[in-house]
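Hi,

Here is the structure I said I would pass on. Have a look, and my notes follow below.

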Amino acid sequence: MRYDLVDLRVFLAVLDEGNLSRGAQRCNLAPSSVSQRIRQLEDALGTPLLERNREGVSPTPAGTVLANYARKSFELLEQMHADMLPFSAGMPGRITLFANTNAVNSFLPDDLAIFFKHHPSVRIALEEKNSHDILAAVADRRADVGIVALQANHKELAFFPYRDDELVVLVPLSSPINKDRPVRFEECLREPFVNLQRGAAINAFLLSHAAALGATLDIRVHVPGYRAIAHLVASGAGVSIVPRSVVEKEDEKRLAMLPLAEPWAERNLRICVRQDAPANHHRDELVRILVECAAAATTAA
DNA sequence: TCCAATTGAGGCCCCGATCG
DNA sequence: CGATCGGGGCCTCAATTGGA
């Protein structure tokens, strides 16, 4: 690579100012120095990055693409520095935790709060993914710990029981759906859906089951959380399929919660880690506390 | 003529190689 | 292992170019 981060910073400064001289001033350099750097950058990339004109400079299409990449790169660098901070401050421990929608929105927040009480210095990068992606990520060491709703085993992973949950159907009280028996997924597909926002792992999960029936979900609205889903279903906007654990007592007065008559409605959550993962006290502590929380909840129930 | 970009010359500093 | 030297990179300054 015949250019460096300084070149990219200078390039962005010039673009932001729309003027090479002011860009140079912002970087505490002479305009000639900036001109030279940008010329070298253009030579290295083999394409002009700036249109020079009377008023200053503007990006070429290639310059716009480079600027986007450069900005993303600097954002990533900022993130990297932020992530390194705990280490430089003498705080060892950062755990990457991937969990499915169900866990992220129900049990996990309370259980993590307990973990943080015991380990306030540990940082957790929590990401919501679907269970298949989580298994792959833990197996590939991209995640330290996963929480999945898959019963399939994986030869490189160890599993611990977490929580038992199930998917239920939320329908308005006025819905024509028979509320005296479990509902088949096929019946739900006749109604418009109220779903979590795009990207939520549960959406892909439901879409794949609809596709297996040769159908698709008629999604009337995407909303940011389960509270909004409950409100919209109660007001008659459509039906939804959610984990039982996210439905609150007060919701049950405003809408009907029906069992889903599908084998995949059972959502028995499990914690997974790599069997051969190197020793990591904080990861082991996280798993221990999650398992204990789950056991305590089962006993209380 | 003005203003912004570019070019060329020269200086400074860093780094690697060499030598005692 | 420290001192010295030379090359390369990067900088600034001054002059030049080019377009409106």
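At what angle do helix H6 and helix H12 pack, and how far apart are their axes? H6 (residues 108–118) and H12 (residues 281–300) pack at about 130°, with axes 10 Å apart. That makes H6 oblique to H12, oblique being what is left once angles under 35 degrees (roughly parallel), over 145 (roughly antiparallel) and 65 to 115 (roughly perpendicular) are taken out. Axes here are lines fitted to C-alpha atoms, for helices over the stretch in contact, and angles run from 0 to 180 degrees between N-to-C directions. Helices (H or I, at least four residues) and strands (E, at least two) are DSSP runs, numbered from the N terminus.

Before I go on, the ground rules: this is a predicted model, where local features need pLDDT of at least 70 and side-chain atom pairs count only at pLDDT 80 or more, while totals for chains, interfaces and linings use all residues. Residues are numbered from 1 along each chain as its sequence is written, chains are lettered from A and ligands numbered from 1 in the order written, and side-chain values use heavy atoms, leaving out hydrogens and water.

Back to the helix pair. From H6, Leu 108, Asp 111, Leu 112, Ile 114, Phe 115 and His 118 meet His 282, Glu 285, Leu 286, Ile 289, Leu 290 and Cys 293 of H12 (contact means heavy atoms within 4.5 Å).

Now the cores (sets of buried Ala, Val, Leu, Ile, Met, Phe, Trp, Tyr and Cys residues joined through side-chain atoms within 4.5 Å; buried is under 20% relative accessible area, exposed over 50%, partly exposed in between, with a 1.4 Å probe and protein chains only). The largest nonpolar core has 35 residues, and Phe 185, Ile 229 and Ile 241 have the most contacts inside it. Strand E6 (157–172) is among the elements giving two or more residues to this core, and E6 supplies the largest share, 5 residues. A second, separate core of 23 residues includes Ala 103, Phe 115, Val 287 and Ile 289.

Asn 28 is not a glycine, yet has a positive phi of about 55°; it sits in the loop between helix H2 (20–26) and helix H3 (31–45) and counts as exposed at 69% relative accessibility. Arg 141, also not a glycine, has a positive phi of about 70°. Arg 141 lies in the loop between helix H7 (131–139) and strand E5 (145–148), and is exposed at 52%.

Cheers
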